[in-house]
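This report examines selected helix, strand and salt-bridge features of a single model. The sequence and structure are shown first.

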Amino acid sequence: MFLPSAVSVVLDRTDRRSLPIQIADHLRADIRCGQAAVGLRLPSSRKLAAELNVARGVVERAYEQLIAEGWLATAQGSGTFVAEAPSSVVMPIVKAARTIAPTISRVELRPGVPWTPPRATAAWRRAWRDVGVLPPPFKDPDPAGDFELRSALSQLLARARGMSVEPERIMITSGATHGLGLALSALRSPDAILALEDPGYRSAASAARASGWSLFDVPVDAHGLRVNILGESSQNIRGVYVTPSHQYPTGGLLPVSRRNQLIDFARARDVLLFEDDYDSEFRYDVAPLPALAQLAPDRVVYLGTVAKTLGSGIRLGWLVAPTELVEIITAHRESIGDFPSVPLQRALLSLLRDGEWDRAVRTARRRYRERDRSVENALSRFGELRGLGAGMHTTLMLDTSVAEAVASEALRSGVEVPSVAESARTHTTPGGLVIGYGRVDAADLEYALEVIADCLEDHAG
């Protein structure tokens, strides 16, 4: 028979415990006191989810945890049953809740965290074996970076982004933010102002402030940076930081017309553009637009990174700029004793030479395409989705207060989803939820999307 009505699960959405934990706690308590006898068949996860008005994945997680602890058992085709109470589990319910929390309450939809294909992991190990046979570097490396690596990156940019870049125009950095900070420090001038997208990358704003620049926050719309705001400003803008290929965090794609408008502004006002092309490797249903650095190489400092391919912990990236600017930045870098790591550079060179970088990107691209479609299928009915077909995150545009409420409720069900507001500095709109799907596996993503959809249903209308 099924779980009797005498055995009730009551959910409290103000409870700090996640919904899966609450369900597991209720069922465990009923089994302990004998209200749910050994052999009793529980409702299916779908049926109990409907009764409790929660996503099916919430119930499944609770069942999975109790099965793992030994309180429940499954039989193929027959459902889920109460098992004999496990002798090893004699902890108080409060302690049990603390124990199961890490298991069923942590799905993080963090944008920008990549998945590394198993093949790429093996290739990374081989690359380090290649590095290991080299003698240790006995002097400071070239502050602009290993010339062989710069040549290999020149070839990568040509085939991946259609850019014609001489190795002399490339500098190896510790990542996009590091490259931005180096350039801004080298080019600092009195009362210089950097215009940035808002909402946008907070780390870019921090790097600018640390380099002695003031900030001018520019709002974004569905297409990215609102360039007309720049033209109307009387501020002493000397640089513009922009993510035109996949605006972070809202996902807008800056159209060619607006790119040309931005370039015209830069030339008319003698302004440098800092183009962060952070995830341009990943395009699914849309062809990449030409980089600003391709359209106006004399006006653009182009920033790239391995963070979205191999992971941010590697701390490696590149900067492309006009030759005279690279020389200025190189001189500044050498003066402060900031040099790129020789072993890291040689390891990346090995991956590029062997073709492993390209294979890793192609493999990840297929995986992310599936995740991108899963987000679209689950959430498109709730509002505008920006950034579809590109990158490792999609943003669901919502009223700011609704987005914050849904994010808070989802967290109680074990799903951590950032809001657009977390990336804002001056402008509080637009609002939304940033669905990062790079590192999360398919099952966790399905569960997370069910939870978010369930929370959005509660706020419909």
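Predicted model: local features only at pLDDT ≥ 70, side-chain atom pairs only at ≥ 80, totals over all residues.

Asp-221 is partly exposed, its relative accessible area being 25%.

Strand β6 also contains Asp-217, whose side chain meets that of Arg-425 in a salt bridge with an N to O distance of 2.9 Å. Because Arg-425 lies in the loop between β14 (415-416) and β15 (431-436), this pair ties together parts that are 208 residues apart in sequence. Asp-217 is buried at 14% relative accessible area, whereas Arg-425, at 21% relative accessibility, counts as partly exposed.

## Other charged pairs

The whole structure contains 23 salt bridges. One of them joins the side chains of Glu-384 and Arg-386 at 3.0 Å, N to O. Arg-386 counts as buried at 13% relative accessibility, and Glu-384 as partly exposed at 40%.

Strand β9 (residues 272-276) is mostly covered, with 5 of its 5 residues buried. In a regular strand, side chains alternate between the two faces of the sheet. Both faces of β9 are covered: Leu-272, Phe-274 and Asp-276 are buried on one side, and Leu-273 and Glu-275 on the other.

Strand β9 pairs in the parallel sense with β8 (residues 237-242) over 4 bridges, and Leu-273 is the bridge partner of Val-240.

## Helix α6

Helix α6 (residues 147-161) comprises 15 residues and reaches 20 Å from its first C-alpha to its last, close to the expected 21 Å. At its start, a side-chain oxygen of Asp-146 comes to within 2.8 Å of the backbone nitrogen of Glu-148. Just after the helix, Gly-162 adopts a positive phi of about 70 degrees.

The buried residues of α6 include Leu-149, Arg-150, Leu-153, Leu-156, Leu-157 and Arg-161. The elements against which the buried residues of α6 pack include β4 (170-173), β10 (300-305), α13 (342-354) and α14 (356-379).

Conventions
Residues numbered from 1 in each chain as written. Heavy atoms only, no water. Helix = DSSP H or I, 4+ residues; strand = E, 2+ residues; numbered from the N terminus. Expected span 1.5 Å × (residues − 1). Buried < 20%, exposed > 50% of the residue type's maximum accessible area, 1.4 Å probe, protein only. Contact = heavy atoms within 4.5 Å. Polar contact = N/O pair within 3.5 Å; in protein donor to acceptor, adjacent residues only side chain to side chain. Pairing = 2+ DSSP bridges. Salt bridge = Lys/Arg side-chain N within 4 Å of Asp/Glu carboxyl O.
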